[in-house]
Amino acid sequence: MSVSDAYFRYLDHFGRTVTLRDAADAEGDFIALRHDVDHDIDMALEMAYWESERGIRSTYFMLHSADYFAADGFLDKAMQIQAFGHEVGLHLNFLAQWYRGEIEDPVSELDRVLGDLRQAGLNVSGVSAHGDKTCYEAGFINYWMFSDLRPRDAASESGLSAEGVPGNDPRFSIDYPSTGKLTREDGKVLEFWQSSFSAHGLDYHATHLNNDRYFSDSGGNWTRSPDPLLEDLSTGRHQVLMHPIHWMAEPKRHFFYSTARSGSKWLATLLDKATSLEARHEYALNHQLVNGEAMFRKHTGPGFRELQFDRGRVKALLGDYGDIIKDRPLDQAEVNVYLEEFRDLVEETFPEAREFHLVRDPASVVRSIYDREWYRADIDTNHKQPAAGEWQSLDAFARCCWYVRDVLENLDDLDARRVRLEEISQGADAFSDAMRRLGIPFYPELLEPADFDPLNRNKRWVLGEYAEWSFRNRCVFLAILGSLRTRLGYRSLQGRLVSKLMAGIGRLLVRRSFREPEETGREQLDFDHRLELELDASRYFPVGGSLSTDREPARFAPNGERNALLIFGGSRWGKAVRNCGWPVEHGMHFAVSLRAGISAGQEARLYLLYYDAEGGIAERKLAAYIRSEAEMIEVLDRPPSIAEFVDVALFSSMDEQPAEITLTDIRLAWASNEENRP
């Protein structure tokens, strides 16, 4: 959802406007701008932002019978409109609700609604009548509940529209009933004019203000009044009603790219919570259309290396994403650390999309992904492989640096649309400045101070701050990322001369390589211990299902009552069990091969469960997906440094649970420099 360019032409024409509350007491010339929010408060909120940015003030009348009025977040959004300098009033529809039998006492219901609004902090003093279609069907106007508005001759109300203005179209003209009462189908009768403004702390009704001219876009056009864009409004007292729903433009598409560990999930959360965007995190490559329905299918994480080189598959997934979001009314934002690899396909699929770059200090990114043990395994299929020279010869730290460099270079052209995590995380003012520069409406009233802490500042890093790194790692970092980091505007980590010297040493270290050739691939690893597991139901630990091994292949059948889990070494999901699982040692490699099957369109997951010395979970690593009827899964991993035991688990979510999973064989293997593996 976006505000149409045509609306801004009206704002330019108006110049300066006032709220209806101010117009009620104003002398001289004015343009009072009014919005009846009949359908969508998000559209009203975006209009309120842009008006505030231009110094425009207006009045937004909230419809208490609309769906949005009872939705979560409504009061916060209304408070944000008020915080932008606008007035919030009430759009009356109580008589229509009474006539339809939805309420029994319009006066007490008005009190309740006003009480809720005012308790939230909204300064409601004005009302406007809603032109509900029931008004024309039954013949009444919603403001006929206030004695303040009753003329000496009530019959003079005849010929008005449901808004309370004279109409030139018989279809929008109401005759005042001679009885002065409203009778509904069940025989109940309601007296008009039975309450007063003072009884409810109200001051005015919109169409009863002293205006020289009144303009309305009711019905989506200017047929009930002249078009104010074609009128000279420089003198006189004018009231202009513009319904937000009539000024919507086609929704825009936004893509935010970044390296991993740059605050992308945090940014997606804030964009979705407090901007005009409906934002998602890493959605585009992990959802696809199945029989016309959007289904979760994760393609990032385990197996991403395969997707990296399957551009046809990526293009199909982006096409599915476009179809999924095409009917969403709000502007869409995808925050994704994987898509920078496929920017050309994104631009081909969404040629009108806007692209942005979320950046974080490369030193912090390297520290974070290294601590998460990226590229520790010789074959890391979970993460992108950059086109770096002698990639296989680099150690894990150098690979982390090359990954960050590759992503940043791919996004180098987005310098004008770049935001720094360190800046936007400082608080609402800094975030607001960044969003203003990017042209994205931001609503600070919808956030809390705790929302601005994406960096997990209390985390104890294994690698530590840059100054704590080894001399070799600092040299390698400066060689690979030093100049690029400076170009991004980050302060030098060393003096200029020292940095050049260390970068030179780093380049020599990179060229010399860090690994012996025989350690570069799985096929060259000497697996000194191999184990083929027997499909023994007594050893395995099934949860939420049963394992049948009396015939080939073995079958694991979830019961549908909870997440289904089958742990091959007999451990538990949350802790190790004595004499279960398998011990690991520092520096070893752990390999799993599993032949399994599942019905097409369904999914199961293979996890490696690492436990520490106390038996607690050190890491649950999602290793692979099972998505076909007969599939050989092969996984190679290097356990985390604090792991003492490992187990293998087959997992099936209750939300996407298959009828059964077939298992043919499971093989484990270890490779290490130790001679005596258990």
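These legends go with close-up views of a predicted model. Local features need pLDDT of at least 70 and side-chain atom pairs count only at pLDDT 80 or more, while totals for chains, interfaces and linings use all residues. Residues are numbered from 1 along each chain as its sequence is written, and side-chain values use heavy atoms, with hydrogens and water left out.

**View 1. A five-stranded open sheet with parallel pairing.** The strands (E, DSSP runs of at least two residues, numbered from the N terminus) line up as E13-E16-E12-E17-E18. Two strands count as paired if DSSP finds at least two bridges between them. At the edges sit E13 (277-281) and E18 (418-420), each pairing on one side only. From one strand to the next, the twist averages 25 degrees. E13 and E16 are joined by five bridges, and Leu277 has Asp331 in E16 as its bridge partner.

**View 2. Helix H15 (residues 428-438) packed on the sheet.** Helices are DSSP runs too (H or I, at least four residues). H15 touches E12 (253-257), E17 (354-359) and E18, where contact means heavy atoms within 4.5 Å. The direction of H15 makes about 175 degrees with that of E18; axes are lines fitted to C-alpha atoms, for helices over the stretch in contact, and angles run from 0 to 180 degrees between N-to-C directions.

**View 3. Gln332, a buried residue in strand E16.** Gln332 has a relative accessible area of 0%; buried means under 20%, exposed over 50% and partly exposed in between (1.4 Å probe, protein chains only). Its side chain makes a polar contact with the side chain of Arg280 at 2.5 Å and reaches the backbone oxygen of Leu330 at 2.9 Å. A polar contact here is a pair of N or O atoms within 3.5 Å; within protein, one must be able to donate a hydrogen and the other to accept it, and residues adjacent in sequence count only if both atoms are side-chain atoms.

**View 4. Phe256 and the largest nonpolar core.** A nonpolar core is a set of buried Ala, Val, Leu, Ile, Met, Phe, Trp, Tyr and Cys residues joined through side-chain atoms within 4.5 Å. This one has 95 residues, and Phe256 is among those with the most contacts inside it. Helix H3 (residues 41-53) gives the most, with seven residues. A second, separate core of 59 residues includes Cys400.

**View 5. Helix H13, largely enclosed.** Twelve of its 15 residues are buried, including Cys400 and Trp402.
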